[in-house]
Amino acid sequence: MKCPAELIVLMHEVLDEEATNEQRRELFDHLQTCDDCKEHYEELKKTESFLLSSPSMKAPDGFTSKVMEQLPQEKRTVWMKRWMKSHPFVTAAVLFLVLMAGSVYSSWTSEDQLSALSGNLRFEQDTNTVIVPEGEVVEGDLTVKNRNLEIEGQVKGDVLVINGEQYMASAGQVTGEIEEVDHILDWTWYQIKNLLQDVGNLFSSEEEKK
Amino acid sequence: MDAIVKRIVLKVRKGDHNAFGELVELYKDRVFALTYRMLGNRQEAEDVAQEAFIRAYTNIDRYQIDRKFSTWLYRIATNLSIDRMRKKKPDYYLDAEVSGTEGLTMYSQISTDEPLPEEEVVSLEAQEGIHQAILSLPAKYRSAITLKYIQELSLKEISEILDLPVGTVKTRIHRGRETLRKKLREQ
């Protein structure tokens, strides 16, 4: 008995689960009466079960790392972001140092200055020296930057000489501390000391409020 | 699963290398199974599977995020496998003719109801038989059959991967199945 080719198509439709119930019935009715078709269909079923039973495959060991080694380099920003996320404290410390260094350096190189709250000071251009004249009284702190300082009179407060020298005449008098800062390291140390002192003041003033 | 994959893909797009490693871990076995069935040789299958992942990485911006990632990835892997098959066609047929099951028919091995003494050996041979049978298929049937039975994908997904109408995919699966049936009968 020669069966129409449509029956083979029907078998595949059934295997793909694309056939309607009616088509399925049509096929199975026919298989009961036709041994050739029945054999054909069973062979197809077996083929399919062979295919489905093939073992699941595992990629070889080290597959992922081999792929990763071959990838083009990632963008630098991402690498930095991830590094920062995994090292938050180091990041904070580095950030602090950078900002600190920046501010210290800029205040170090900023223009020459002289600050005193009161009193008449003299300035000698040729020796680059600021003079507190004899008999003169400076009320408050005195800061001289990038200049020398000569004290013949009196300073009622601290004296700070940055990047310069300070001479004290025998008659000179300073009631507070005298400090000379000559190097950027000293300057940094001075800034940090001030900062800590400010922080300390902040706390003590808060305690006072209580 | 899809949501997780999407999140990883977005990280990769921002340039995160390590996120891509997660994608490789998720899909490496399935991609390797696909290339192995297509190429029939572990070394080549590994090469092509790695290449597929590298292509996916470099083209990640072209992946449409609303589609299934696996469909896109399998498509890359399938196309690379087909390219590789074309390049080494002669070897291929030689390969297919080598068969470890000479003198044994698949049917007698598997359809007997009584337990076989060397069951493991036999099932290895059976696996080898089906593997060789798949390898002897022409590329267009082989890709359709592999995607359907090894990856167990739907006809619609296969049609997206192969970029063919569903009707064509069906025809290829039917012909592939028919060819395999004959091969297994001969064995």
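**View 1. B:Ala19 sits in helix α2 (residues 17-39) of chain B.** Helices here are DSSP runs of H or I with at least four residues, strands are E runs of at least two, and both are numbered from the N terminus. The model is predicted: local features need pLDDT of at least 70, side-chain atom pairs count only at pLDDT 80 or more, and totals for chains, interfaces and linings use all residues. Residues are numbered from 1 along each chain as its sequence is written, while chains are lettered from A and ligands numbered from 1 in the order in which they are written.

**View 2. Surroundings of B:Ala19.** B:Ala19 counts as partly exposed because it has 18 C-beta neighbours inside 10 Å. On this scale, 20 or more other C-beta atoms within 10 Å make a residue buried, 12 or fewer make it exposed, and partly exposed lies in between; C-beta atoms are placed from the backbone. Beyond its neighbours within four places in sequence, B:Ala19 contacts B:Ile8, B:Lys11 and B:Val12 (contact: C-beta atoms, placed from the backbone, within 7 Å). B:Val9 is ten residues away along the chain, and its C-alpha atom lies 7.7 Å from that of B:Ala19.

**View 3. Four strands of chain A form an open sheet.** The order is β2-β3-β6-β9, with mixed pairing. Two strands pair if DSSP finds at least two bridges between them. β2 (122-124) and β9 (166-168) of chain A are the edge strands, each pairing on one side only.

**View 4. β2(A) against β3(A).** β2(A) pairs with strand β3 (residues 129-132) of chain A in the antiparallel sense, over three bridges. A:Arg122 stands opposite A:Ile131 in β3(A).

Note on methods: Contact = placed C-beta atoms within 7 Å.
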